[in-house]
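Biologist: I am new to this structure, and I would like to understand how the labels given to its parts follow from the values behind them. Could we go through them one at a time?

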Amino acid sequence: MTPRRPRYTYIEKLADRLLDEAGVTKAPVPVERLARLKGCRVVKSNLKEVSGILFRSDEGAIIGVNDGHAPTRQRFTIAHELGHLLLHAGQEVHYDKDYRVSLRTEESSTGTNLEEVEANFFAASLLMPDRLLRSDPRASQMDIENEEIILALSRAYGVSAQAMTHRLLRMARRSGL
Ligand SMILES: [Zn+2]
């Protein structure tokens, strides 16, 4: 199998376009409204060990979210499933158990794993847009060791501290800091 690389640049643009379309200019990003804008119905229920489900049908898509999870994780799940919908055509039903593990294997992704990495990157780009973070004085300080700033930012953006740390590290690497 030919290894493919996650389409980072394309995915970031896709997320930016959606934010523009919805007129989002500040955090927290209204992820459920964005999902609805793309024709999805968001249903929250007890999915046991499953984090999220994406159903596609002729009448539109349904995103199922595990309502037993923390609100930040539910937001990330909705964005992740929306990413699958916009990026990965064809599957009628897609289940996600613990997609978070693939955050660690980003560099060596193939096949299904590649789709998970892409959906995670879409979710991160949508919930923590570069342009918002770059204009955020707290993020521009770039002190990844400062737990207080990370917590304040993760609260403002409605994401987990882990997701925010990951995003800020990536931004710092890309800026050559
Ligand atoms: Zn997934």
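Predicted model: local features only at pLDDT ≥ 70, side-chain atom pairs only at ≥ 80, totals over all residues.

Biologist: What makes Tyr8 count as buried or exposed?

Modeller: Buried means under 20% relative accessible area, and Tyr8 has 13% relative accessibility, so Tyr8 counts as buried. Phe121, with a relative accessible area of 6%, is buried by that rule too.

Biologist: How many aromatic pairs are there, and why is the pair of Tyr8 and Phe121 called edge-to-face?

Modeller: The count comes to 1 aromatic pair. Ring centres must lie within 6.5 Å, and planes over 60 degrees apart count as edge-to-face; the rings of Tyr8 and Phe121 have centres 4.7 Å apart and planes at 75°, so the pair meets both conditions and is edge-to-face. Because Tyr8 lies in helix H1 (residues 8–21) and Phe121 in helix H4 (residues 111–127), the pair ties together parts that are 113 residues apart in sequence.

Biologist: Which strands make up the sheet, and in what order?

Modeller: The sheet is open and has 4 strands in the order S1-S3-S2-S4, with mixed pairing.

Biologist: Why do strand S1 and strand S4 stand at the edges?

Modeller: Strand S1 (40–45) and strand S4 (93–96) each have a single partner strand, so one side of each is left without a neighbour in the sheet.

Biologist: How do you know that S1 pairs with strand S3?

Modeller: Pairing requires at least two bridges, and 6 bridges join S1 to strand S3 (residues 60–66), so the two strands, which run parallel, count as paired. In S3, Gly64 is the bridge partner of Val43.

How values were computed:
Residues numbered from 1 in each chain as written. Heavy atoms only, no water. Phe/Tyr/Trp six-rings, centres within 6.5 Å; stacked < 30°, edge-to-face > 60°. Buried < 20%, exposed > 50% of the residue type's maximum accessible area, 1.4 Å probe, protein only.
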